[in-house]
Amino acid sequence: MHQFNQSIRDQSIHLEEDKGLYLFSRVDACTELLSCIMLKQSNLVASKRLNLLKNTMVTVCRFVERDHDVQAQKFNQRFGLRLLSNLLIDLNRYCPVTNSNSSPPPSDPNTASATTNDNQQINEESEANLKLLLSFGEAIYELRPIRLPGFSFAWLELVSHRMFMPKLLFSSTNTDRRGWSQFHSLLIALFQFLEPYLRLAELNNPVRLLYRSTLKILLVLLHDFSEFLCDYHFSLCDVIPPSCIQMRNLILSAFPRHMRLPDPFTPHLKVDLLPEINTSPKIFSDYAASLISQNHQDGIKDHIDQYLKNRTPVLFLNELKNNLLNHDYKPSSQSSANDHVHMSCTRYNVTLINSLVLYVGVQAINQLQVPGGRAPIVNSPAMDIFQKLVMDLDPEGRYVFLNAIANQLRYPNNHTHYFSCVLLCLFAEVKLEHNEEEIKEQITRVLLDRLIVNRPHPWGLLITFIELVKNPRYNFWDLTSIHCSPEISRLFENIVKSTHIHAQ
C-alpha cells in the first residue's frame, strides 16, 4: 500500500501543461488501473472488493487533503475531481446499484423456485454494490467543504453527480434508509459550510455561485425526491439561517408525490375536513435530541412531559425563557474578528427553540388523538407554553419562536393544521399590555417574509395567510401597521392581488 501511495503522489497525480491546457491522461490511467484491481474482477469476493475500495478511497482522500494543505492557494481541485468522478463512473458501470423490489412475480409455478433464487442473488449483489456506493459517500464526506474549502466546487459536483445522488436516493426503501441518511449528512455538511456566509450576508462571487448551485440541487430534490425533503425538513431548516427564506421555502414546499394538493384559493375551503389533515407526517430527524443534550444537567424534556401531563411544576413556565438562551453568545463589542464567523448571531438557542416547538406540538397532537381527548386548543397545556413564550420573549426571541412555528406549515397533514391553528390563536388571543399589536405585527412579518419571495410557497403558509386576511374575526385590515405608510399599504395590496385573495 505504501508503494501504491507513492505511485499516486509521484506519477499518477501530476498535471501536464500544454499551452495552458491541463491533461489528465495519467489520472485516467490511474483510475483505470484501480478499476481493474477492484471492480472488473468478477471472481473477487464482495467483502474483499469493499475493503479494497475503502483503502483506495482513504489513500485518495489523504492525498487530496495533503495537496490542499501544501499547495494552499495554488491547489487545483479539478485534479481530485477527475480521479474521484472516474472512480464513481466505473463503480456504477461494473457494480451498479439496482432496485430489485420492482421485479414482478413469476407467472409459471414451475419457475418460481428458480426465480426466487435469482432474486435472492440479485438482492445480494445489489446489497454488496450499495455498500460500495455508501463507502464512496463516506469518503466524500471526509472531504466536506468545512474541512477543505478549496475543494468545495469539486465536492459539490461529486455530491450532485448523476452517478451518485440519484443512485443513493433511489436505493432507499421503506425499511432501508441508509442512502437517504448518508445524503442527508452530505446536505447538512453543505449547509453548515454556507451558514456563516449566508447569516452575515457576505456573498462574494465563489460563495454566491455555491449558493446558486445549492438552490439548483434543492430544486432537483423538490421535483424528483420530494419525500426526502418532507421527511428531513426539520434538520435541514435547522441549519439554514433565518435570512435564507427562499431556500427554506423550497424545502417546506415539498409534498409526497402521491398527494394532490387542494387549491388553497378555493372559496369556502374547509381545511379541517380534508382527509389528509388527520395524517401524521414522517419525520426522520431526531427533533427531541436537543431537549436532552443541551447545556442542562437533566435537560428540559422531562419537565416538558410533566407539564403537558398535569401542568406541573408551575415554575417551569417562568424558567423556560432562561433555558432557551444561548450560552455561547457574545455581543459584537466583545467578539474578535476570528469569532465573527463562528459565533451565533442571536442570544437564543435557535436549535433548542425549534426542537421545543415541534416536540410540544407533536405531544399535543397525540393528546388530541386519544379517544375523549378532544379539547379546545386554547385551553391546552401546550398552548400555555406557546402563549407564555410569545409574551415573555423579547422581539428577537419571539421572531425565532414564530419562525419555528411557521416551519411546520407545509403540505396537508395534522402538523400543518395544528400549527396553523396555533399561529392564528396567538394572533387573536395574545396581547401585550404596553402594545396590543406588537405580537400581531411580528406574526404578520413572519408570514409576509415568506410570501414576498419568489415561488414556490408552502401550502400551509398560504392557507394560514388566507384565513388571517379573509376571516373578519382577526380584524387583520384594522392593524395600524398596515396603514402606517403608503408604501406598506401598497405592499399588502400587491400581495393580496398576486395571491388572488379577496379581503373582506
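Asn475 is partly exposed, with a relative accessible area of 44%; here buried means under 20% relative accessible area, exposed over 50%, and partly exposed in between, using a 1.4 Å probe and protein chains only. This asparagine is found in the loop between α22 and α23 (486-498), where helices (H or I, at least four residues) and strands (E, at least two) are DSSP runs numbered from the N terminus. Although Asn475 is not a glycine, its phi is positive, at about 50 degrees. His268 also has a positive phi without being a glycine, at about 55 degrees. This histidine sits in the loop between α12 (245-252) and α13 (289-293) and is exposed, its relative accessible area being 74%.

The model is a predicted one: local features need pLDDT of at least 70 and side-chain atom pairs count only at pLDDT 80 or more, while totals for chains, interfaces and linings use all residues. Residues are numbered from 1 along each chain as its sequence is written, and side-chain values use heavy atoms, with hydrogens and water left out.

Turning to the chain as a whole, the secondary structure comes to 23 helices and 2 strands. Of the 504 residues, 49% are buried. Contact means heavy atoms within 4.5 Å; among contacts between residues at least 6 apart in sequence, 73% join residues at least 24 apart.

Helix α2 (residues 25-38) has 14 residues and spans 20 Å from its first C-alpha to its last, close to the 20 Å expected at 1.5 Å a residue, the expected span being 1.5 Å times one less than the number of residues. Its buried residues are Val27, Cys30, Thr31, Leu34, Ser35 and Met38. Seen down the axis of α2, these fall within an arc of 135 degrees, so they line one face of the helix; the arc is that of the directions from the helix axis to the C-beta atoms. Asn86 counts as buried, at 16% relative accessibility.

The loop between α14 and α15 holds Pro313, and the peptide bond from Thr312 to Pro313 is cis, with omega near -5 degrees.

Gly150 lies in the loop between α5 (112-142) and α6 (152-159) and is partly exposed, at a relative accessible area of 29%. Gly150 and His68 are 82 residues apart in sequence, yet their C-alpha atoms are 6.9 Å apart in space. Ser152, in helix α6, is buried, with a relative accessible area of 3%. Neighbours within four places in sequence aside, Ser152 is in contact with Gln77, Pro145, Phe193 and Leu210, while Gly150 is in contact with His68, Phe75 and Gln77.
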